[in-house]
Amino acid sequence: MSIHTDLDGPDMDGVSAARGAGFMTSYLETLTLVERLHRLLLDVIKDEFERVGVLEINAVQALLLFNIGDNEVTAGELKTRGYYQGSNVSYNLKKLVEMGCMHHERSEIDRRSVRVRLTQKGRDVRAVVEKLFATHAKGLVDRGVLDHEGIEDISESLRRVERYWTEQIRYIY
């Protein structure tokens, strides 16, 4: 099945053009929703840390600690593995080390490479985020917002979009 947009040219019939315009509208709404959801997730994390009285760490840093978990990674791996989406990874790593949430160690083989892992304090922060996410997961199911099948459908659709965008970056430019 081919999806047409109003960019397909003048030879499209009216039905195809309407379908294409409808798809484009839905796609743009989805992009806006994904962006809003990410910002809202950070606000939810920030509010939880304010509620429990942990004010020295921001939501981006807490999410970074959550995503790293028990892994030991280099700064470069944080982005390639999807643990960190921002542009200021060095700043946040430096702050997390200064706060005592992360250990950092230079590689013996490549002195330019620094490996990081969570300290006990970092694991404690991670546990707050993990508990928050577990509460959300239970609430989504208990309130009938989503079930297992629904969340799997959303995840699979988003993974397909991610693969498509990744291909666009790798193969078009």
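This report describes the fold, helix packing and nonpolar core of a predicted model.

## Overall architecture and confidence

The chain has 173 residues, of which 23% count as buried. Its secondary structure consists of six helices and three strands, arranged along the sequence in the pattern α-α-β-α-α-β-β-α-α.

The mean pLDDT of the chain is 87, and 88% of the residues reach a score of at least 70. Of the elements, H5 has the highest mean pLDDT, at 98, whereas helix H3 (residues 75-80) has the lowest, at 80. Over residues 1-6 the pLDDT stays under 50. For that segment the model has nine contacts beyond four places in sequence.

## Packing of H2 against H4

Helix H2 (residues 59-68) and helix H4 (residues 89-98) have axes that come within 10 Å and cross at roughly 80°. An angle from 65 to 115 degrees counts as roughly perpendicular, and H2 is therefore roughly perpendicular to H4.

On the H2 side, the contact is formed by Val-60, Gln-61, Leu-64 and Leu-65; on the H4 side, by Asn-92, Leu-93, Lys-95 and Leu-96. Five nonpolar, two polar and one charged residues make up this contact of H2 with H4.

## Packing of H2 against H5

H2 also packs with helix H5 (residues 120-142), at an angle of about 90° and with the axes 8 Å apart.

From H2, the residues Ala-62, Leu-63, Leu-65 and Phe-66 take part, and they meet Gly-122, Val-125, Arg-126, Val-129, Glu-130 and Phe-133 of H5. By class, the contact of H2 with H5 contains seven nonpolar, one polar and two charged residues. Leu-65 is listed in the contact with H4 and also in the contact with H5.

## The largest nonpolar core

In soluble globular proteins, nonpolar side chains tend to be buried together. The largest nonpolar core of this model has 26 residues, and the members that touch the most others are Ile-57, Leu-65, Leu-78, Leu-96 and Met-102. At least two residues of this core come from each of helix H1 (14-51), H2, H4, strand E3 (114-118) and H5. H2 supplies the largest share, with seven residues.

Leu-65 illustrates how these elements meet. Leaving aside residues up to four places away in sequence, Leu-65 touches Ile-57, Leu-96, Cys-101, Met-102, Leu-118, Gly-122, Val-125 and Arg-126. Among these partners, Leu-96 belongs to H4, while Gly-122, Val-125 and Arg-126 belong to H5.

## Arg-106 in strand E2

Arg-106 is located in strand E2 (residues 102-106). Arg-106 counts as partly exposed because its relative accessibility is 42%. Its C-alpha atom is separated by 9.4 Å from that of Thr-74, a residue 32 positions away along the chain.

Conventions
Residues numbered from 1 in each chain as written. Heavy atoms only, no water. Axes fitted to C-alpha atoms, helices over the stretch in contact; angles between N-to-C directions. Helix = DSSP H or I, 4+ residues; strand = E, 2+ residues; numbered from the N terminus. Parallel < 35°, antiparallel > 145°, perpendicular 65-115°, else oblique. Contact = heavy atoms within 4.5 Å. Nonpolar A, V, L, I, M, F, W, Y, C, P; charged D, E, K, R; others polar. pLDDT = per-residue confidence, 0-100. Core = buried A, V, L, I, M, F, W, Y, C linked by side-chain atoms within 4.5 Å. Buried < 20%, exposed > 50% of the residue type's maximum accessible area, 1.4 Å probe, protein only.
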